[in-house]
Amino acid sequence: MSFGPPPSIYTQSALAADGERRKRRRRLSGALAAVVAVALAAGGALLLAAGGDRSPGAGRAAVPAPGAIRQTVEKAPASPEGQVVVDHYEEDLPKESDPSPRYAPGTWATGRILAKGIGTKIIGVRIEPGADETAWTLRLDGHLCATTGHVTADGRTAVVVQPGKRKGTKDAGICDEVVFVDLNTGRKLWTATMPSAREAYVTNTNLTLAEGVVAVAWGHGSVAYDMAHGERLWNSSTGARCVDKGFAGGGGALLALESCGEGTDTTYRVQRLAPRTGKPAWTYKVAAGVQDVYLPSADPPVLAVAAGDTLVTDLITLDGDDGGKLATIPMGGDAYDPRCGDRYFSAGFFGDIENCDGVVVGADRVFVTSKDQSEIGQPENWIVAFDRKTGRSEAKLDGRSLEPVVPLRMSGDRLLVLRSSLSDIEPSAVLSWDPVTGEQTPYLLFGLPSDDAGELSDPTQSDIVVEQGRIFFAKRELAADDKHPKDAVLSVLGIGSAGDG
């Protein structure tokens with residue numbers, strides 16, 4: 001992939017044979033079922049006494065407006081016992097010793113398709129135990145440059161692509177093609193070329209969705225498109241003193257992070273914009289001396305700032321109506337791990353403004369993971385819930401010894417959590433945590449393949465997506481074993497409930 005001139009394009013991957021896929025699926029299913037069976041026999045099923053909503057399947061809201069961003073509320077599946085519903089392998093990959101792995105940014109799930117960005121394509125994998133694997137493949141005009149985790153309620157999303165037609169030219173690294181995709185069918189709905197985007201590269205291009213709008217910023221300019229037809233709604237000037245560095249969306253709100261000035265004199269401000277016009281409703285000026293800013297949530301607005309350092313030192317919560325400051329939540333040096341800009345190897349690439357993998361924001365609370373602990377026999381880490389308006393800590397969810405917890409996303413007023421385990425006795429689990437009552441409801445219990453468990457369960461190395469009663473683990477970088485370079489590599493693993501058939 002070209003990160004900017006000069007280009008360095010890597011080889012396109014190929015799909016594994018269908019017969020071999022089915023064999024791998026049976027082996028994985030058997031191994032994972034064995035872990036869960038041992039745990040349930042040892043008393044793991046007693047965890048269900050925690051209660052909660054046990055109706056099967058995932059909750060669905062009323063029919064949303066066109067362009068609405070999905071905010072699924074999950075329900076406990078019919079059975080917590082997990083089964084493999086997706087296992088996708090890639091072949092013809094660079095070796096681990098190769099300095100350029102196959103980058104695989106972007107993972108999205110609908111009710112029937114798991115979609116994954118890999119190099120110069122997006123694949124759609126059918127979500128169904130034992131089904132033939134690939135439902136569709138969308139070949140792109142070049143390498144993926146930026147993705148967003150947001151998906152519309154009807155299963156669409158956008159990506160930014162680096163067109164390959166410029167290979168061998170000084171403009172080979174430019175990322176200026178926006179593609180809007182139907183994830184259920186793999187159909188390219190529209191494409192658009194970003195205006196004046198000669199300085200948009202994989203290292204600085206950020207993409208998000210707000211209601212009805214696709215917005216892209218690259219630190220030297222920005223542009224917004226209507227989801228319906230790809231018509232340009234507005235774009236910023238490239239010569240202004242303050243420029244759009246990135247956006248955060250995910251609902252009706254659109255936040256813009258602007259940088260003003262250059263070098264050590266750079267300051268930041270955050271604006272809430274009207275998505276369809278780009279006009280600011282309010283502006284919050286970040287204190288001088290802050291080195292970097294992330295936007296883990298647009299609605300309600302929350303900033304993660306690195307004050308005097310490159311690591312996040314504080315979370316700042318704002319009033320969504322007027323941009324007034326509500327609270328500062330110190331990250332306490334070695335206490336918390338918000339994981340902003342911390343994605344393994346590719347940190348800073350493929351869109352980083354919204355990515356704080358250790359922070360989840362709800363309507364009333366901000367959830368932050370602690371740093372891993374080193375004491376054997378003590379919880380590996382924990383998650384703390386802070387009151388969004390006051391910044392005071394309200395509740396705590398402990399992991400277990402050698403079993404860390406990872407905050408995934410909100411599901412209504414509950415937090416979905418991954419508790420990962422490398423044990424052959426204790427399974428990994430998806431939990432729903434109510435910070436008010438302390439109630440923990442297990443949604444899925446499952447094992448992970450031993451060779452890949454560490455990478456798959458690490459949010460700095462893999463996308464972890466929970467959607468409609470399933471959890472998906474998808475690696476962000478793919479490389480073949482140096483000793484067995486022809487072996488296919490597991491890239492996506494999906495677990496669903498055995499009670500769903």
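Biologist: What makes the link between the side chains of Arg365 and Glu394 a polar contact?

Modeller: The model is predicted, and the distance is computed from its atoms. The side chains of Arg365 and Glu394 are joined at 2.8 Å. A pair of N or O atoms within 3.5 Å is required, with one able to donate a hydrogen and the other to accept it; the pair is therefore called a polar contact.

Biologist: Why is Arg365 called buried?

Modeller: Its relative accessibility is 19%, and buried means under 20%. Arg365 therefore counts as buried. The residue belongs to strand β25, which covers residues 365-369. Beyond its neighbours within four places in sequence, Arg365 is in contact with residues including Phe386, Arg388, Pro435 and Val436.

Biologist: Why does Asp176 count as buried?

Modeller: The relative accessible area of Asp176 is 9%. The limit for a buried residue is under 20%, so Asp176 is buried. Asp176 is found in the loop between β9 and β10.

Biologist: What joins the side chains of Asp176 and Arg166?

Modeller: A polar contact of 2.7 Å joins them. Arg166 is also among the residues that Asp176 touches, and others among them are Val160, Met194 and Ala197. As for Arg198, it stands 22 residues from Asp176 in sequence, and the two C-alpha atoms are 7.8 Å apart in space.

Biologist: Which residues touch the most other members of the largest nonpolar core?

Modeller: They are Val160, Val178, Met194, Val214, Val216 and Tyr225, in a core of 25 residues. At least two residues of this core come from each of β8 (142-147), β9 (156-163), β10 (177-182), β11 (187-193), β12 (206-210), β13 (213-217) and β14 (222-226). Val160 touches Val178, Met194 and Val216, and its other contacts include Leu144, Asp176 and Leu207. There is also a second, separate core of 22 residues, which includes Leu416, Leu444, Val466 and Ile495.

Biologist: How many cavities of 30 Å³ or more does a search of the whole structure find?

Modeller: The search finds two. Rolling a probe the size of a water molecule over the atoms shows where empty space is left. The second largest cavity holds about 40 Å³ of space. Its lining consists of Glu74, Pro77, Val430, Tyr443, Leu444, Val466, Gly469 and Arg470.

Biologist: How do you know which class each lining residue of the second largest cavity belongs to?

Modeller: Val, Leu, Tyr and Pro count as nonpolar, Glu and Arg as charged, and Gly as polar. The lining therefore has five nonpolar, one polar and two charged residues. Leu444 and Val466 from this lining are also members of the second core.

Biologist: What makes Thr317 a buried residue?

Modeller: Its relative accessible area is 0%. Buried means under 20%, so Thr317 is buried. Thr317 is found in strand β22, residues 314-318. Apart from its neighbours within four places in sequence, Thr317 is in contact with Pro301, Val302, Leu326, Val366 and Arg388, among others.

Biologist: Why is Val405 described as buried?

Modeller: Its relative accessible area is 1%. With the cut-off at under 20%, Val405 is therefore buried. Val405 is found in strand β28, residues 405-411. Leaving aside neighbours within four places in sequence, its contacts include Trp382, Ile383, Leu397, Val417 and Leu418. Ala429 is 24 residues from Val405 along the chain, and their C-alpha atoms are separated by 9.5 Å.

Biologist: Where do Arg339 and Phe350 lie?

Modeller: Arg339 is in the loop between β23 (325-330) and β24 (359-361), and Phe350 is in the loop between β23 and β24. Phi is near 55 degrees in Arg339, a positive value in a residue other than glycine. In Phe350, phi is near 65 degrees, again a positive value in a residue other than glycine.

Biologist: Why do Arg339 and Phe350 count as buried?

Modeller: Relative accessibility is 10% for Arg339 and 7% for Phe350. The requirement is under 20%, so Arg339 counts as buried, and so does Phe350. In the chain of 501 residues, buried residues make up 57%.

Key:
Residues are numbered from 1 along each chain as its sequence is written. This is a predicted model: local features need pLDDT of at least 70, side-chain atom pairs count only at pLDDT 80 or more; totals for chains, interfaces and linings use all residues. Side-chain values use heavy atoms; hydrogens and water are left out. On a 1 Å grid over the protein atoms alone, a cavity is a set of points where a 1.4 Å probe fits but cannot get out, and a pocket is an open set with protein on both sides within 12 Å along at least five of seven lines; lining residues have an atom within 4 Å of a point. Grid points are joined across faces, edges and corners, and a volume is the space filled by probe spheres set on the points. A nonpolar core is a set of buried Ala, Val, Leu, Ile, Met, Phe, Trp, Tyr and Cys residues joined through side-chain atoms within 4.5 Å. Buried means under 20% relative accessible area, exposed over 50%, partly exposed in between (1.4 Å probe, protein chains only). Helices (H or I, at least four residues) and strands (E, at least two) are DSSP runs, numbered from the N terminus. Contact means heavy atoms within 4.5 Å.
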